[in-house]
Amino acid sequence: MRWENLTEGPAGPAALFGAGAVVTRTIDTPEFRGITFHEVRARSIVNRVPGASRMPFEWTVNPYRGCSHACVYCFARKTHSYLDLDTGLGFDSQIVVKTNAPELLRRELAAPRWTGAHIAMGTNVDCYQRAEGRYRLMPGIIEALRDRANPFSILTKGTLILRDLPLLREAAKVTEVGISVSVGFTDTALWRTVEPGTPSPTARLNAVRTLAGAGIECGVLMAPVIPFLGDSPAQLRATVRAVAESGATSVTPLVLHLRPGAREWFTAWLGEHHPHLVERYERMYAGGSYAPTWYQRMITRQVHELAAEFGIGPARRGTARKAAGPEHPDGPASAGATQLTLL
């Protein structure tokens, strides 16, 4: 593992972790069996999104690397290769935990150059994956954002977000809080094979219902729509209907994209479970990581038509409020890392 290149020393100020800051633990309980945790003390926690990104935000916070949700399509798998960790099973079971994330975020938000910009979470790996049940980093992160009235958003497949509902309600009183739950399909058989470590789609939609009932608006990112496996008219209709019935404020479809790292892992899975589709996928993604534009537009049109039928609209982009503080164009003092984009 390449920790020595990412800690203080020859790597200089660009290092991700402090020297001697990595502690590796294995926990032999049913919930975490087979998972190894690498506890690190990060040097920065607010990351800048690359300028070429199509994302509607510029800054992210990611308290974890790797994800036990084990989604076979996860675009963030490539990030594990930066640590010389495997992007397949290693991504699912070797979890890097930034144990100082809450205190570090509080310090970076207080930096004079921080302008109170919107911070997105869950756009790389899920901040409410199983590890969060043990390490409880999100309460401190939300408290830091609440105390600075700093707008933020969370995207998750994890129902553990309900644990922090009181904190989310407190934060929503002083700043804009955006919550989205990812539910790409309601097909149970498909869920069990492509998202084996996640709560079921029904459980996620129940979480949306609970959030909405508590006065926290929650949208659904219908992601991913998986070609030839989750994109039939009947499947799309069933999913949008379930989303509407959950009380979600919006539904936004996102077609599967296959970046390096994820592409190889997904293709291997496809060859094992659906070998008859391998050639079709090779043709569909021959042009790169994304499905053809015509296909993406077709799915978007179908989902939006269904959403209108069931009385739910596409996602709305809100206007984030900024915490009071001096303006400076540079962002947080230590935000030198970059964040992979979701789209």
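Q: What should I know about the model and its numbering before I start?

A: This is a predicted model, in which local features need pLDDT of at least 70 and side-chain atom pairs count only at pLDDT 80 or more, while totals for chains, interfaces and linings use all residues. Residues are numbered from 1 along each chain as its sequence is written, and side-chain values use heavy atoms, with hydrogens and water left out.

Q: How many helices and strands does the protein chain have, and what share of its residues count as buried?

A: Helices (H or I, at least four residues) and strands (E, at least two) are DSSP runs, numbered from the N terminus, and the protein chain has eleven helices and eleven strands. Buried means under 20% relative accessible area, exposed means over 50%, and partly exposed lies in between, with a 1.4 Å probe and protein chains only. Of the 343 residues of the protein chain, 54% count as buried. Contact means heavy atoms within 4.5 Å, and among the contacts with a separation of 6 or more, 78% come from residues 24 or more positions apart.

Q: How do I read the packing of two helices, and at what angle do H2 and H4 pack?

A: Two packed helices are described by the angle between their axes and the distance between the axes. Axes are lines fitted to C-alpha atoms, for helices over the stretch in contact, and angles run from 0 to 180 degrees between N-to-C directions. Helix H2 (residues 101-109) and helix H4 (residues 138-147) pack at an angle of about 15°, with their axes 8 Å apart. That makes H2 roughly parallel to H4, since angles under 35 degrees count as roughly parallel, over 145 as roughly antiparallel, 65 to 115 as roughly perpendicular and the rest as oblique.

Q: Which residues of H2 and H4 meet?

A: Ala101, Pro102, Leu105, Arg106 and Leu109 in H2 meet Gly140, Ile141, Glu143, Ala144, Leu145 and Asp147 in H4. By class, this contact of H2 with H4 has seven nonpolar, one polar and three charged residues, where Ala, Val, Leu, Ile, Met, Phe, Trp, Tyr, Cys and Pro count as nonpolar, Asp, Glu, Lys and Arg as charged, and the others, Gly among them, as polar.

Q: How do the axes of H4 and H5 cross, and what covers the buried residues of H4?

A: The axes of H4 and helix H5 (residues 165-174) come within 9 Å and cross at roughly 15°, which makes H4 roughly parallel to H5. Their contact is made by Pro139, Ile142, Glu143 and Arg146 of H4 and by Leu167, Leu168, Glu170, Ala171 and Val174 of H5. H4 is mostly covered, with seven of its ten residues buried, and its buried residues are covered by elements including S4, H2, S7, helix H3 (131-135), strand S8 (152-156) and H5.

Q: Are H8 and H11 roughly parallel or oblique to each other?

A: The axes of helix H8 (residues 233-245) and helix H11 (residues 293-309) come within 9 Å and cross at roughly 45°, and H8 and H11 are therefore oblique to each other. The contact is made by Leu236, Arg237 and Val240 of H8 and Ile299, Gln302, Val303, Leu306, Ala307 and Glu309 of H11.

Q: How do I read aromatic pairs, and how many does the count come to?

A: A pair of aromatic rings is described by the distance of the centres and the angle of the planes. Rings of Phe, Tyr and Trp (its six-membered ring) pair if their centres lie within 6.5 Å, and planes under 30 degrees apart count as stacked, over 60 as edge-to-face and the rest as tilted. By this rule the count comes to eight aromatic pairs. The rings of Trp59 and Trp114 have their centres 5.5 Å apart and their planes at 75°, so the pair is edge-to-face. Both Trp59 and Trp114 are buried. The rings of Tyr281 and Tyr285 have their centres 5.7 Å apart and their planes at 10°, so that pair is stacked. Ring pairs link Phe228, Phe266, Trp269, Tyr281 and Tyr285 into a cluster.

Q: Which peptide bond is cis, and where does Phe228 lie?

A: The peptide bond from Ala223 to Pro224 is cis, with omega near -10°, and Pro224 has its place in strand S10 (residues 218-225). Phe228 lies in the loop between S10 and H8 and has a positive phi of about 70° although it is not a glycine.
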